[in-house]
Amino acid sequence: MRQPFDPAEPMVRPYVLTRGRVQPGRGSFDVITQVVAVSEPPSGDHRELSPEHLEILRLCQEPRSVAELAAQFGRVAEEEPEPAAPAPPSGGLPISVVRVLLGDLLEHGHIEIQEPEADNLRRIDLYKEIIVGLRAL
Amino acid sequence: MASELSERAARPTPKLPTAVKIVIAGGFGVGKTTMVGTVSETTPLRTEEILTDRSVGVDDTSGVEAKASTTVAMDFGRITVRSDLVLYLFGTPGQERFWFMWDELSLGALGAVVLADTRRLADCFPSVDYFERRGTPFIVAVNCFDGARQYELEEVQLALNLGPQVPVMLCDARKLPSCKEVLITLVQHAQQARISVPAS
Ligand SMILES: Nc1nc2c(ncn2[C@@H]2O[C@H](COP(=O)(O)OP(=O)(O)OP(=O)(O)O)[C@@H](O)[C@H]2O)c(=O)[nH]1
Ligand SMILES: [Mg+2]
C-alpha cells in the first residue's frame, strides 16, 4: 500500500526547499514542540543554511512552537505598516516542510528544542495552573 | 568563564516553556475556529499540512490525481498561561478523511472538546468515536445555534451513547465566559481521567 518516497517522481513544490526530504534528520517535532534560536541568524558564509533556514531562525529568536513557525513563515512582521495592496493570500509553510528545515538547524546547533513530555500530563500542578490561567482570561 | 565563550554562544537562550495542546473537534461548520478565536490571545493562526506519498496510503478515498498534492488546513491559537506554560488550541480539519492530521494533533494532547450542533448531531459521531478509541479524555459541548435547543443534555448523552463520566454541556463558541467554562471543564475532566485521586 504505502509507497516509499521516490525522489524521481515529481515533487510537491514546497519539498523542493527540503531537497525532496519529507522527514527531518533529527527530532520528531510535534506541532507544539518549542523552538528557540541559540543566536541571531548568522551572517557571513553558512553554506548549510538556505534563506528558508534563516527565516526560521529569525522567527524563533523568542521561543515558538513548530505550528507557529509554520504559520508565521514569510509573513510580514506585525510592527510593519499594512501594505496598501491586499495582503498576499496566505504565506506560511507546510508543517512537514518546517520540520525538515528544523531538523537541519538542530543538527547544526542553531536551535534548541523542547519536545512535549507525556509525563507532564500526570503532573497535577499542571492541571491546576492551567485552570488558574483559564479563569484569569 | 563567559569570556571564553564565542560571541555567538554568549547569549543565554531563554528557558523553553512547557507546552500543552487541546484539540477542538466536531463536524463541518460547528464553531471550531470560532472557539479557538474566542479564547486565544491572537486571531487564529492557520497552518497547512501536505498529504504526501508517505501518508497517501492512509487516505483510501483519494484518487491518483490527488496523490502528493492534497493540503489540509487547520486553525490554532495560543494562550500564554504563564511565561513558562503555554496552552495551544487546535481546531481539527473539518473533513474526517484527514485522519493522519488528527493523529498528529491528538498525540500527547491533554484532551479534546467535541463541538456538537443538535440540528446535525450525527456530524460529531466520528469525533466521539475517534477520541473514545484513542482513550483521549474529551467532553461534548453543544453549540446552541439560533437558540436551537432541540434536545435535553441527557438526550444528547444517550444519543451519543456516552459513558456517564463524559461531561456534556451547552456552550456558545462566540462568548468568552462560555468557552472558558468549557475548557475548564475539560481540564478538570482530563485531570480526573489521568490522575487517579487517592482515596480520602
Ligand atoms: N449561533 C451561534 N453561531 C455560531 C456559534 N459558533 C459559531 N457560530 C457561527 O457558525 C459559523 C461557523 O463557525 P466556524 O467557527 O467557522 O466553524 P468551523 O467548525 O470552524 O467550520 P469548518 O472549519 O468549516 O468546519 C460562523 O458563522 C460562526 O459565527 C455559536 O455558538 N452560536
Ligand atoms: Mg474552521
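Buried here means under 20% relative accessible area, and exposed means over 50%; the legends below describe a predicted model.

**Close-up 1. F29(A), a residue with positive phi in chain A.** F29(A) lies in the segment before β1 (34–37) of chain A, and its phi is near 55°, a positive value in a residue other than glycine. Because its relative accessibility is 0%, F29(A) counts as buried.

**Close-up 2. N161(B), a residue with positive phi in chain B.** Although N161(B) is not a glycine, its phi is positive, at about 55°; the residue belongs to the loop that runs between α6 (153–159) and β7 (168–171) of chain B. With a relative accessibility of 64%, N161(B) counts as exposed. Most residues other than glycine have a negative phi.

**Close-up 3. The buried face of helix α2 in chain B.** Helix α2 of chain B spans residues 32–39, and its buried residues are K32(B), M35(B), V36(B) and V39(B). Viewed down the axis of α2(B), these buried residues fall within an arc of 100°, so they line one face of the helix.

**Close-up 4. The surroundings of ligand 1.** Ligand 1 is surrounded by 14 residues, the closest being G29(B), K32(B), T33(B), T34(B) and N143(B), and the largest share of this shell, 3 residues, comes from α2(B). Taken alone, ligand 1 exposes 660 Å², of which the protein buries 70%.

How values were computed: Residues are numbered from 1 along each chain as its sequence is written. Chains are lettered from A and ligands numbered from 1 in the order in which they are written. This is a predicted model: local features need pLDDT of at least 70, side-chain atom pairs count only at pLDDT 80 or more; totals for chains, interfaces and linings use all residues. Side-chain values use heavy atoms; hydrogens and water are left out. Buried means under 20% relative accessible area, exposed over 50%, partly exposed in between (1.4 Å probe, protein chains only). Helices (H or I, at least four residues) and strands (E, at least two) are DSSP runs, numbered from the N terminus. The arc is that of the directions from the helix axis to the C-beta atoms. A residue is near a molecule or strand if one of its heavy atoms lies within 4 Å of it. Accessible areas come from the Shrake-Rupley method with a 1.4 Å probe; for residues, only the protein chains shown count as cover.
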